[in-house]
2 protein chains.
Amino acid sequence: MLGNFVYSNPTKIYFGEDSLKGLYEELPKYGKNVLLVYGGGSIKKNGIYDKVMSILEECGKAVTEDSGVMPNPTVQKLYEGCKLARDSKADLILAVGGGSVCDYSKAVSVSAYCDTDPWEKYYLKMEDVDNRIIPVGCVLTMAGTGSEMNGGSVITNPEQKLKIGHVFGDNVMPKFSILNPVYTYTLPKKQMIAGLFDIMSHILEQYFSGTDDNTSDYVMEGLLKSLIHSSEVAVNNPTDYEARSNIMWIATWALNTFVAKGKTTDWEVHMIGQAIGAHTDATHGMTLSAVSIPYYRHIMPYGLEKFKRYAINVWNVSPDGKSDEEIASEGLTKMEEYMRRLGLVMNASELGVTPDMLEGIADSTLIMTGGYKILSREDVIAIVKESMNQ
Amino acid sequence: MLGNFVYSNPTKIYFGEDSLKGLYEELPKYGKNVLLVYGGGSIKKNGIYDKVMSILEECGKAVTEDSGVMPNPTVQKLYEGCKLARDSKADLILAVGGGSVCDYSKAVSVSAYCDTDPWEKYYLKMEDVDNRIIPVGCVLTMAGTGSEMNGGSVITNPEQKLKIGHVFGDNVMPKFSILNPVYTYTLPKKQMIAGLFDIMSHILEQYFSGTDDNTSDYVMEGLLKSLIHSSEVAVNNPTDYEARSNIMWIATWALNTFVAKGKTTDWEVHMIGQAIGAHTDATHGMTLSAVSIPYYRHIMPYGLEKFKRYAINVWNVSPDGKSDEEIASEGLTKMEEYMRRLGLVMNASELGVTPDMLEGIADSTLIMTGGYKILSREDVIAIVKESMNQ
């Protein structure tokens, strides 16, 4: 039910093939010093780096580079970035990359002027921000995480074996994000489909809760149907602008808090997936795909009505002459077939999970409430085992 | 197709039964002087006025009242409001009411410090705002127009027989809006269903354009299905919180620019409906309901694929063994049945349209491009005539 909530999302989106021009609108709003954040250097190969640098120069900015942001940005990297931001007196942090680069930039933005340890304050203790925040802008090169239009920021502490996400408020959301679907064309297929399933999982984690009549569920069904259709096109033709643009826009709306309104969520697929990630270093989206079908088959009896609705509304399952269980199950079968067509990893063994890891994975899995079933430790082990056999 | 666009919507929404408390968060952000704008006084009968005034006092505000905003706010009223806003040195305009009160408040916000005639500058010439803007906040008491989360503002000049809407930019959008579904409970049934169809029409005006694969269409199908379901509940039980809250939230998202992305629109149902309104002073939503089915049957052959999709995805029409025309037509029949169940006006004669008005209505109808058919003058007359016979 749409109970009491606040919706606030001030991020300005520039979308489309010409969207980089948005920098000319935005850059003059900030001071001279820009901290340019990016990852391993793919933006130098595909030319985006040169285009961005050229506009920064045109706008008279003094640029300090903070490169080498890793897929799971570490707390050590964060400390270095904070020093760079302070030393360069950054007036704006410009993130050019995917979700990790955006997440990291938001972490630096709240941490640079934090007078205690930001890892402890913002990630371990989840405290609110009460210090100066450096504004962040994003040029997105990958669709999936939704970080371009939310306050989320995941940071990893490898020594403590902790990977923690803090969802900050609207004061930490990017001031602007540039979304050019063409920038996603060059992504390797494996990364593209992992991102696709990350998007689908974001929607499903919110969809599979509640038994009420909530507008958010109807909107999510629309987003899912559009995602399924566009992903089948994009996987065969990665340069199909229409498909890639739909996917990029769906990724943003899957996790910018709109469809979360009125929903309780346990994010349990992410919880199990992240535990597998911690033990195997496997790609995030693939850990989600490997456990999703076993997980959903496991909880289906506890949310049967919703799984039936999912089958009919999203996967066009005909209900005629079938029991609720048959309808719901057929929906998951169609989802599985779709996932196999895309080429997603369905078996946890392929991610490096071995039987001796099962106890450890169960230890690392956070058990949340808000979904159709609060998992037991045995449930988690059974789900991962099923994934290893599918 | 999702081409180049900018999405920016900074309005902060406080939603739910306790949402009025959001005033405690927002009021301290502005100076002492508040211009309180409302309509004919229903907020005094239902107690909302007292609640708002009490919070304004608690927050130490000096309140100037601007009441009597009419359903179609006039330019004369606007001039008076501008003087009140200037004389009281308003730091914030607080609109308490429905779409007209919100529209009018935005008009005052951009016009109070306009050094030429605001009617000419902002409505006749549609110029951009280059003067001081007084921030606006809304407490919504009616669901329908979406004015609570967009830059739209419609003002009427009765002497010039002109009713013009200007969609201002994100700098004019309300800074915050309070959406309490309970406030809509006391609305008379006729106004409620007129508002319901206004919402549906906003979505359909955007939906029926284009032949591409656009995520916005999928989202709109979700919004339509949720609206149809919740409206059938609310019309029988006006105090069903779940239904009224879904309706209020759908109204906001139908017209806050999200679902417009990638869509061309002609808003032709509104164009004909507004022409009828100019000649009969009929309720806006009822002018839309009276012409919608004749209009859509008229343009159906030019957008057959979309009407077929609409029938299947929104109205659950089974396509088995039917021609495209039969499927599409059955969708419109189901829509008509739904409209009659709600109790909407289907026949323009009931709104006071007489045969001698037909030429005048055609004269007053703006013909727009962007839909499936650019109407001729004869088309408009035929559509209104069909409405008079249905």
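## Strand S3 of chain A

In chain A, A:Leu36 has A:Glu65 of S4(A) as its bridge partner. This is a predicted model. The pairing behind that bridge joins S3(A) to strand S4 (residues 62–66) of chain A, in the parallel sense, over 5 bridges. S3(A) also pairs with strand S5 (residues 92–97) of chain A. Those two strands run parallel, again with 5 bridges.

Is strand S3 (residues 33–38) of chain A mostly covered or mostly open? It is mostly covered, with 5 of its 6 residues buried. Strands of a sheet pair through backbone hydrogen bonds, either parallel or antiparallel.

## A sheet with strands from both chains

An open sheet of 7 strands runs in the order S1(A)-S2(B)-S9(B)-S6(B)-S5(B)-S3(B)-S4(B). Its pairing is mixed. The edges are strand S1 (5–7) of chain A and strand S4 (62–66) of chain B, and each of them pairs on one side only. Neighbouring strands are turned by 20° against each other on average, direction ignored.

Within this sheet, strand S3 (residues 33–37) of chain B pairs with strand S5 (residues 92–97) of chain B. The sense is parallel, over 4 bridges. B:Leu36 has B:Leu94 in S5(B) as its bridge partner. Helix H3 (residues 48–58) of chain B packs on the sheet and touches S3, S4 and S5 of chain B. The direction of H3(B) makes about 175° with that of S3(B). Helix H4 (residues 75–87) of chain B packs on the sheet too, touching S3 and S4 of chain B. The direction of H4(B) makes about 170° with that of S4(B).

## Two helices crossing in chain A

Two packed helices are described by the angle between their axes and the distance between the axes. For helix H7 (residues 189–207) and helix H10 (residues 268–280) of chain A, the axes come within 9 Å and cross at roughly 135°. H7(A) is therefore oblique to H10(A).

Which residues meet where these helices touch? H7(A) supplies A:Asp198, A:Ser201, A:His202 and A:Glu205. H10(A) supplies A:Glu268, A:Val269 and A:His270. By class, the contact has 1 nonpolar, 3 polar and 3 charged residues.

## Aromatic pairs

The count over all chains comes to 48 aromatic pairs. In one of them, the rings of A:Phe307 and A:Tyr372 have their centres 6.4 Å apart. Their planes lie at 55°, so the pair is tilted. This pair links distant parts of the chain, 65 residues apart. A:Phe307 sits in helix H12 (residues 304–315) of chain A. A:Tyr372 sits in the loop between helix H14 (358–364) and helix H15 (377–389) of chain A. A:Phe307 is buried, with a relative accessible area of 0%. A:Tyr372 is buried as well, at 14%.

Chain B has a pair with these residue numbers. The ring centres of B:Phe307 and B:Tyr372 are 6.4 Å apart, and their planes are at 55°, so this pair is tilted. B:Phe307 belongs to helix H12 (residues 304–315) of chain B, and B:Tyr372 to the loop between helix H14 (358–364) and helix H15 (377–389) of chain B. Both B:Phe307 and B:Tyr372 are buried.

## A ring cluster with members from both chains

Ring pairs also build a cluster. From chain A, it holds A:Phe5, A:Tyr7, A:Phe15, A:Trp249, A:Trp253 and A:Phe258. From chain B, it holds B:Phe5, B:Tyr7, B:Phe15, B:Trp249, B:Trp253 and B:Phe258.

Notes. Residues numbered from 1 in each chain as written. Chains lettered and ligands numbered in written order. Predicted model: local features only at pLDDT ≥ 70, side-chain atom pairs only at ≥ 80, totals over all residues. Heavy atoms only, no water. Axes fitted to C-alpha atoms, helices over the stretch in contact; angles between N-to-C directions. Parallel < 35°, antiparallel > 145°, perpendicular 65-115°, else oblique. Contact = heavy atoms within 4.5 Å. Nonpolar A, V, L, I, M, F, W, Y, C, P; charged D, E, K, R; others polar. Pairing = 2+ DSSP bridges. Phe/Tyr/Trp six-rings, centres within 6.5 Å; stacked < 30°, edge-to-face > 60°. Buried < 20%, exposed > 50% of the residue type's maximum accessible area, 1.4 Å probe, protein only.
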